[in-house]
Amino acid sequence: MKITNLQKAISIFSLFLIGVFAGLMTENKVEAADIPNALTKGALPLGTTNYAIPDDAVFVSPSGDSAGTGTINDPVNTVARAQKIITTEGRTIVLRGGIYHESLTKDKNAPMWDTGLTIQSYPGEVVWFDGSTVVTGWKKEGSAWVHDNWVTKFDASPTFTKGAPDFTAENWKNINPDYPMSAHPDQVWINGIAIQQVESLSKLGSNKFYMDYTTNKIYLGNDPTNKEVRASDLQIALSMDVPKITVRGVGIRRYAPSVPDLGAVRISEPATGSKLENVIITDSATTGLSVSTSNVTLKNVSVTNSGMLGIGGNRAHALKADKLYVANSNIENFNMGPIASGIKISRSYNTLISNSKIIDNKSLGLWFDEDCYAATVVNNEISNNSSTGLAFELSSQGNVANNRINNNAGYGLHIINSDQVDVWNNSLTNSQMSILIQQDSRKPAKDRYWTPHDYSKDISWYVNDIEICNNILGLPTPMASQWGGVVALRDETYQRTGNQMGVTLNANVYYHTGLEGRPTLIQWSTKTAGIKDWNNFSNLATFRNTTGQDSRSIEIIENSTPLNPTGFAKQTIQQRANTVGSPIPQTIALAADLPSGEKVLGPTPNLLGNLDKVDANQIFGWAWNPEEPLSTSTAIKINIYDAQNMLVDTIPAVANRYRADIQNAGFGTGYAGFSYTPNWNKYPSGQKYRVVVYTADSTGTYNPLPNVRYYTN
């Protein structure tokens, strides 16, 4: 939950300010309204963005004229018209506040559409693209109300292939028979509240509607008198299929893509280098957003109320998704396999999902499925999903670090036929299992090398080289799953023991109440190869003695959770990190903004700051707690370690000095600086000391800043 790039930029910038540090210690009153929400997950509220307007911008307004010139005083009335009057590269279309009822696609008559176009809202104004229209002229027929001459008809194919039937494999059909209309994109709202589509007039009732494509009628089960009724009549809001398009500061709602349409918003080949920023996508009939090209950036994007899938990515190489908010996916109740998810990525390499909230989806939360390579999942909250929180399936090379993956109805983390996965400093609790690792009999096809890269040849679909360290793992009461423990490792081909599968566990905290009603803590493939069974271990000591795993891990049996209400370790747990934890390796530290070499249990919260400099005269930096954005003081402690990593001193201090660079970057009041004068003479000379700064969160738990520095006395 860090502001990775911005934080690093500020860290560098602050080094240049050291010489004028004293000049920054001035009083400056800050009001709450002056503080940008630097940690917003998802889009900022519409109407709060303030993007610069270039001199040659083309202006659009719902009250404009199709014959307008596109100036601020003579805007055109649609984005499609604005596209046609652009004649130079890299132009910007500025949208004045209002509702736009149109589909934005490449226009063959607009030759400059593919040259780095930007579409953005006017500063301080609310812009919606709306795929629905107001429906009037209702009349009563029996117990129903009817609208005639509705001619909009949508394809209802249940898979990504138009016209194809549903999948037939057992447990792999997309349509849940209890919800037969889930793939039908028709949508209706009464006074802004969505109502349910039924398959026949005989099933019409309150808060339901029926579309009769034969007679071109809409039937309502509610009286629409003096109410606004809206129905979707557009499928695609935005099809970005040319390079380097940027869309920012707008909302997109009530579009009705069919499953084969891939999404209300589509970023597809060759739209490489495109970007969405501060965009809201909501009330999409099936999929909200799809990405199928490389080097796409999603920043502060909210995708909610998607019928099947929030965000889909296929061959989305080098996708960078930061500060997403993805919630309430699969509201049409598709089966939870093979597609429905908050986010599902496939056949993609070098993807990043960071600083995001993936919550409350009626499906799996985040799913990497089939030939994903080098995926990084850091600093996220993945919780309260109706299936597994995070799945890594048929893939290779994953970094899963500093996430809170809690309260999911399935498993916390499910690793299936995948290798080279590092799982560090996460909390994984209150699910059927915290972690399930499985090997089944599936093998990759030899000719599956997805163009343009042949990276997939290195993906074995074979469990190996998985490291699980510094995590907090636990179960609810009672345990939901009846066939596993907190952690389970299963070779369902019955060829390898757990240790032979290359799985390493250490420095973890195992939590349970002892009241779950079954004895298994860890399930492990330790039987002789070829025998269809595995061992169940009731306690950590027996597991450790039998397998040699988890040499420093601890087991906690008590009725209180080791996590605070926000999903981070309580202070009583974090105080044990020095004896239990493993030093965080540099690769994990760089990926998740954690302190390299430091021992921390579970994830660290969204405290921000930087240790800027350590020398003979000062220990200098800044620390800020965004949970208390108006605070003018943050408690810190400075830990000093010797060359043997032994703690030689802990120095309490306060970050309360004003720094204009911190305030200008959006981090609170600016009263976040600290400068301490160390007495190095009190420590043995000739040694290299490591300095780590810890900051206190709102519960009083101290968590480390991401970087460390060294000083030789």
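Reader: Looking at Tyr100 and Phe129, are they buried or exposed?

Author: In this predicted model, Tyr100 is buried, and Phe129 is buried as well.

Reader: And how do the rings of Tyr100 and Phe129 sit, centre to centre and between the planes?

Author: They form an aromatic pair described as tilted, with 5.6 Å centre to centre and 40° between the planes. Tyr100 belongs to strand E3 (residues 98–100) and Phe129 to strand E5 (residues 127–130), so the pair ties together parts that are 29 residues apart in sequence.

Reader: What about Trp624 and Phe667, which kind of pair is that?

Author: The centres of the two rings are 5.5 Å apart and the planes stand at 65°; because an angle over 60 counts as edge-to-face, the pair of Trp624 and Phe667 is edge-to-face. Trp624 is buried at a relative accessible area of 6%, and Phe667 is also counted as buried, at 1% relative accessibility.

Reader: How many aromatic pairs does the structure hold?

Author: The structure holds 12 aromatic pairs, and one aromatic cluster is formed by Trp680, Tyr683, Tyr689 and Tyr711.

Reader: Switching to charges, which ring does the charged end of Arg253 sit over?

Author: The charged end of Arg253 sits over the ring of Trp128, 4.4 Å from its centre, while that of Lys637 sits over the ring of Tyr694, 5.4 Å from its centre.

Reader: Now the cavities: what lines the second largest cavity?

Author: That cavity, with a volume of about 30 Å³, is lined by Leu104, Phe129, Ala237, Leu238, Val247, Val250 and Ile252. By class, its lining has 7 nonpolar residues, with no polar and no charged ones.

Note on methods: Residues are numbered from 1 along each chain as its sequence is written. This is a predicted model: local features need pLDDT of at least 70, side-chain atom pairs count only at pLDDT 80 or more; totals for chains, interfaces and linings use all residues. Side-chain values use heavy atoms; hydrogens and water are left out. On a 1 Å grid over the protein atoms alone, a cavity is a set of points where a 1.4 Å probe fits but cannot get out, and a pocket is an open set with protein on both sides within 12 Å along at least five of seven lines; lining residues have an atom within 4 Å of a point. Grid points are joined across faces, edges and corners, and a volume is the space filled by probe spheres set on the points. Ala, Val, Leu, Ile, Met, Phe, Trp, Tyr, Cys and Pro count as nonpolar, Asp, Glu, Lys and Arg as charged, and the others, Gly among them, as polar. Rings of Phe, Tyr and Trp (its six-membered ring) pair if their centres lie within 6.5 Å; planes under 30 degrees apart count as stacked, over 60 as edge-to-face and the rest as tilted. Helices (H or I, at least four residues) and strands (E, at least two) are DSSP runs, numbered from the N terminus. Buried means under 20% relative accessible area, exposed over 50%, partly exposed in between (1.4 Å probe, protein chains only). A charge sits over a ring if NZ of Lys or CZ of Arg is within 6 Å of the ring centre and within 35 degrees of the ring normal.
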